[in-house]
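Hi,

Here's the structure I said I'd pass along. Have a look, and then read on for what turned up.

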There are 4 protein chains.
Amino acid sequence: MAAMLAVHTVEVRAETVAIVGGTIIDGNGGALVRDGVIVIENERISAIGGRSTPIPRDARRIAAAGKYIMPGLMDANVHLVLDFVPYTLIRYEGRYDELAIEAAQIALRNGVTTVFDSWGPRQYLVKARDAINEGRVPGSRVYLAGNIVGLGGPFSEDFWGQLVDRKNIPAFENVADRLDALWEENVGPNLVMMTPEQVRKEIRDYTARGINFLKYAATTHNGRAAQYIQFSPRAQQAIVEEAHRAGITVQTHTSSVEGLRLAVEAGVDLLQHCETTGPQPIPPELLALIVERRVPCAIFPNTTKAEAWYTARAEAATFFERYKIIDTNQRALLRTGAVILLATDGGVFSENTLQWSWLRNRYPPEENLVTLGEGHFHWLRAVEQKGMKPMDALLAATRNIARAYKVDRDLGTLEKGKLADLLILDRNPLETAANYPSISLIMKAGRIIDRDALPTQSLLTAPR
Amino acid sequence: MAAMLAVHTVEVRAETVAIVGGTIIDGNGGALVRDGVIVIENERISAIGGRSTPIPRDARRIAAAGKYIMPGLMDANVHLVLDFVPYTLIRYEGRYDELAIEAAQIALRNGVTTVFDSWGPRQYLVKARDAINEGRVPGSRVYLAGNIVGLGGPFSEDFWGQLVDRKNIPAFENVADRLDALWEENVGPNLVMMTPEQVRKEIRDYTARGINFLKYAATTHNGRAAQYIQFSPRAQQAIVEEAHRAGITVQTHTSSVEGLRLAVEAGVDLLQHCETTGPQPIPPELLALIVERRVPCAIFPNTTKAEAWYTARAEAATFFERYKIIDTNQRALLRTGAVILLATDGGVFSENTLQWSWLRNRYPPEENLVTLGEGHFHWLRAVEQKGMKPMDALLAATRNIARAYKVDRDLGTLEKGKLADLLILDRNPLETAANYPSISLIMKAGRIIDRDALPTQSLLTAPR
Amino acid sequence: MAAMLAVHTVEVRAETVAIVGGTIIDGNGGALVRDGVIVIENERISAIGGRSTPIPRDARRIAAAGKYIMPGLMDANVHLVLDFVPYTLIRYEGRYDELAIEAAQIALRNGVTTVFDSWGPRQYLVKARDAINEGRVPGSRVYLAGNIVGLGGPFSEDFWGQLVDRKNIPAFENVADRLDALWEENVGPNLVMMTPEQVRKEIRDYTARGINFLKYAATTHNGRAAQYIQFSPRAQQAIVEEAHRAGITVQTHTSSVEGLRLAVEAGVDLLQHCETTGPQPIPPELLALIVERRVPCAIFPNTTKAEAWYTARAEAATFFERYKIIDTNQRALLRTGAVILLATDGGVFSENTLQWSWLRNRYPPEENLVTLGEGHFHWLRAVEQKGMKPMDALLAATRNIARAYKVDRDLGTLEKGKLADLLILDRNPLETAANYPSISLIMKAGRIIDRDALPTQSLLTAPR
Amino acid sequence: MAAMLAVHTVEVRAETVAIVGGTIIDGNGGALVRDGVIVIENERISAIGGRSTPIPRDARRIAAAGKYIMPGLMDANVHLVLDFVPYTLIRYEGRYDELAIEAAQIALRNGVTTVFDSWGPRQYLVKARDAINEGRVPGSRVYLAGNIVGLGGPFSEDFWGQLVDRKNIPAFENVADRLDALWEENVGPNLVMMTPEQVRKEIRDYTARGINFLKYAATTHNGRAAQYIQFSPRAQQAIVEEAHRAGITVQTHTSSVEGLRLAVEAGVDLLQHCETTGPQPIPPELLALIVERRVPCAIFPNTTKAEAWYTARAEAATFFERYKIIDTNQRALLRTGAVILLATDGGVFSENTLQWSWLRNRYPPEENLVTLGEGHFHWLRAVEQKGMKPMDALLAATRNIARAYKVDRDLGTLEKGKLADLLILDRNPLETAANYPSISLIMKAGRIIDRDALPTQSLLTAPR
């Protein structure tokens, strides 16, 4: 693959670029700058302002009159290797970095310049991240967590193991063990039975393996009605301390009210899907605590259309019933002014996996948040439908995420000195979220992205 | 059944009895009284002491020279309805009180004058308890908890649901729901997803349903390697408070180190199988805390022979590996002077269930602690083998349990004013635990038990 | 139970009865006799004819003017113990004869005076049959086959074993073995692997156990797409010869074209559901052979409404697709003049079983042929809808069955000397099949049936 | 792969070779020729005889003094693609021809110069066969049948579908369908439900697809106790006729006494594992018929050591019990002089598959007949242990197979004009079967095989 991809990564001497004449939405929430100028030199914004902003003589000019310039979109929760069914994992064993790159390119092609991968096979994600972030292959900028601390791999009880015992698949035990280990490494389900000090030691070890942030499962991950607490408050404390000691942020998977509360109390930096609390909505005092502490909440809102699909199935199963509470929680979070982040859980599935009846019975066929490359647009429409203000939604998709992940020194807004990750849209995204897809140009770190060239290799997305 | 059993419970005018000439082990841990006298009037001990103790003229004398008199044995953890497989539950639907009585009679017949049922179908156990404790049928004195708060019924994921999906058994869904509800009532798995205040409300309701003590699952109950925390510290606090407010003791099921720690911190009155901590032994500081707070620990030690059976299978599966840590923990608890209680998890199984291959693969065929009627003898031998002092073992089987359950005003020792629950043994149990089965007479509340008449009805124990 | 039922079987001295004034449909296919007279003495018809038929002086007269008298209906295929799910079989273990009697009473109450049970637990069916046929309890007259030779019991691969491995149901292996043995006896699946001579020996043994006819599985019985041949032509020959040697008729279960052909060639006396040939319709030459040899065909036609229910599911699964071919075959059999018999596969299900989702997904909720007590009426409507002539349908439900089972010396028509099994209907069944339920009186062997008293005991049909 | 393998297939101008001085066992069962001469020209034997046989001047001489020359071994039943578990099939999808070539090379390397593949994915086997038989890659000469007519592919009920429902494996339904179709093509389980004429049509179609012989399932293929008949006598007749009309031989899979009988009566040319008759041994008259008609029987005898392994498990399960009858049948076939063929069912498994617990529980770890490359040596030892005469065993492994498959014009013996497929052994194989592995040289069609170069590509046999 290296050879094949190399063609896209030829080192071109960086030129100076000026985007001229467009309306700038700088991602700080303030007034828009009409007829603005943005100058980019050496990957970064060297100047930004009104029409009077000086433009270097040798700058290549990009005319943006009538268009809108905004920071590149970010997704606070993706899974670049999400098609983790036996067929795909076997077919591409040893090549998961290629799957991750394909996914990151699909994200980038659709305006997402930075993604945060919150569960996946660490070593392959590191390989993909380094290839992208070091400029060897194009793709959305990647930050990664590796495993969710305390959870098992794809075939464990935490994932497909709920559906099928690996022992019942012919000659699959060893394979499943090997594949699960790629996810679990030293922070799998074993940690649940350890003392806080033992947990601390394993976390210290794991944070040294090139991850950008840490995620742990405060509660269980499965389809059952009862969601249990995975780590005692002491163990959670140890996890948070070790992440911070390693200089990285820490976040949680939670799936119950009490799990959410314990995570907040443990001092995490980010709450994934904090609206997922099972049959009980978030109690008012916990909601108030989240708002007061300004703990960033990555939420996963569905559009009206997708919610209707779930609602139609709500009588049938607990799984679908949950979506009512999820909506209640999302509206409460929006209403009370919690710090909201765009997140999709997005990934790329092969056609085979998409045809799988089990999946089809659980995922809406349209406006599906989890479809990487589309999900972020659905997210923006969904919060609009739920009453979020346009500028708040835009910040949730840009600056809020950069801040939550503590990468706002470089990312999240259009400001002098920051990396030039930006989108030029044909239509105003603050007018209606339906305008976000009107992308006319994508720039990442000062480079214009050749969208038609992405993905550079089609594995899961190849037509059959 | 009532009619049939009545014949055994004819109200006889209580006579005065004197046990004369035996060696008295009064269950207070002090020196033995040789050639002693115990006078029993109206169910209770009216006098106890040396040969000079006055004996009422009309007293019927029981000669005990050369024999040993000790308090009736107690079992801190039994399940009078334990054969909860589909066949038995269907066959005897509506008659579980009869199964419970059969079990209580088998316990009594073997010297256990009081049992504490820590998981079962509450309403039937109440019916059985009342029949026995009000003297309508013979049987071991019964105290009961009903459900383990937070766990599901027999066919839930917490029990057989792990092995087989009820939906896969023809026409069994409705039946399983109905049967599970007999265990769960309002304190099943739903509580796990509730807020502490909601949990409190359900506990308050449940404590009003005639239970004698409360048991909750601090951690999950299943055969998996990872055992999760079922209730947050706040929720545990609510449970403990509500039990105490209702004037009853509260105990826990735990299956991990952190679960055990949380239970101790929540202030429970008794820890069931506190040696069950999975792959990690109890850490020293937690052990010290248990000893310092004097939290009673019901332990489930296996004899050397039974342990050998488990050890032989230890390579094969996590389940068997655990027994090594269990032994380590038991020895540590004994060594450090924790308050120990005899407990067996004992119950009665039908021949059909005993033939079941799954059960046979997990239960030792000999010296099986769980076999009600035998298990307590195995327990006493097992702790002897693990180095417990004979008198400590005897107290663990009598006074300690009475105190832990706060019924020591009436039970647990041979003292003036207490209920006359006692055993006369042919041989000294303090010489060797092998002497416990040498029972020559069982008295419960002043009545001599006709052991050969028990059980009065053989349902599960009927020969096929 | 015997005591309880005895009240319905008090031996009353038989009186002479005359049914006067009705239109007689004697079941021979000829012209109706208006204003007819039927005289019954000692269980049998002593005279039948026009208004001039002499009526004994002491005869009790039943006025039938405006009404229609026809032979009692017969059902060539029922299963008096059909609710063979674990719950029911465990709940009523040892009492299956009572279930069979309840079913036979429901049949009788609805005008079916004789049933042929073609699969069930022989010894209990024998007990039920003898109780009914010897007049100790009321009920439809019973003839029985016991097991279907070559098939396993309820939990074998031939029935529920397809859905669930008995080993996966806790403590059920022994129970399933014991229950299966009640069906299988010496003629279960083992026979499939035997030589023809070994098969012959087992059949000889089985025919001596009180069965009235023999049924064997020429092909497999399960829900799979491929239906295999169970017995070689030589083995089938041996089975047929042994049945005939024992003086009883022999019939088959078949589920494929070639299986049907082999059965016809083996010389069987009756073909059950000969329209069930999977994805291939009966080829013309085989159809011609069946017609030419006049082999009676018991068919299971669905009404238009029930067929619509199946059709709506036909895209989903092979099972439902089959109903198209079944209809094609039924119409071909009717068109070519095959000897047709009414058969329903009817039985009684408990409410629990009827609520079972698996069952509900496969059985039409209305006009379900398999509902004993209703199914025969649906049958008669269904063949009418498929174009059968009214008189032919009536013969299919009476005389044809009696002849096929060789009991036409006593049953099947209203003729002098035959047992007085008859129905008096308010409306003419030859006008429209919708008139069959207009039953005004049921007589079996000369006795008027007290329909409201049936069933005398409600086990499965008890309201919950 | 083509490029990589090409190196082994460079067209070298054939030289004349003379093998001089060895003892010739020509495979006709007669006396051995000491100090013999075999001359090979243009792939074939041009002269064979005693020391006086003229040797062309330009012949390269191979000294064979003290050695033994015999025809190349043949295996009447192999499966070149046998590791048909999900992992392997997914991993190598599209490359099964490479797996087949690897297997054929392992066979050749161990002295098997011709194999008959009796079940596999036809199109890939054809590709592998053509590559080998046309001399493009080395390997054992291949003849192939494709699918076993009437059976399904790897994931059907006939194979792994018995163990696991494909619907229970995540996202595997489509994959399983696609893979099964590679085996089934137009002669899968659907044929079972067809009329003989429809079956005939499909066979005619299939025989035109490049197969060398036809195999059909006279009975079912699965692990169950009851084995059913798949095709009626008429359908079997049609199959046999169509194979013969296409000029190829026809053989059967059978698994019961009656299945075997029907196959013999249908006139098949070869019976695979005719000793597999379940719980009943082959009856004497059927045995006599097989002998009288001289129907070749491919048998699968286990060595004493392997049989001991099966016997040790015989109490546990039907599967293992069968081996007693199998031995009985083998001895009867040997005793009565049936035409015996060496057959192993041999194939190549990956290390992963070999570690699979299910497989390990069913296959002896040593002297396993199914291990391609070894199995034929075990076969020869096994029949020796069961009393077969050395020369008969040698013929069973050479001439008998060539005759049964009607390829004896070219193969099976060392005779003038035949293809020079031969082995030079260091020790006399007629002295003890343990001498067969003492291979000093393998010649196939006149070419000396470079054994160390085989397999030329290690896929399944690669060390991990």
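Is R129(A) buried or exposed? Buried, with a relative accessible area of 10% (buried means under 20% relative accessible area, exposed over 50%, and partly exposed in between, using a 1.4 Å probe and protein chains only).

Before the rest, some housekeeping. This is a predicted model, where local features need pLDDT of at least 70 and side-chain atom pairs count only at pLDDT 80 or more, while totals for chains, interfaces and linings use all residues. Residues are numbered from 1 along each chain as its sequence is written, chains are lettered from A and ligands numbered from 1 in the order in which they are written, and side-chain values use heavy atoms, leaving out hydrogens and water.

Back to R129(A): you'll find it in helix α4 (residues 122–133) of chain A (helices are DSSP runs of H or I, at least four residues, and strands are runs of E, at least two, numbered from the N terminus). Beyond four places in sequence, R129(A) touches residues including E134(A), L144(A) and N212(A) (contact means heavy atoms within 4.5 Å).

Over in chain B, helix α8 (residues 257–266) is largely enclosed by the rest of the structure, because 9 of its 10 residues are buried. Among them are E258(B) and R261(B). G267(B) follows α8(B) and has a positive phi, near 85°.

In chain C, Q272(C) sits in strand β12 (residues 270–272) and is buried, at 0% relative accessible area.

Cheers
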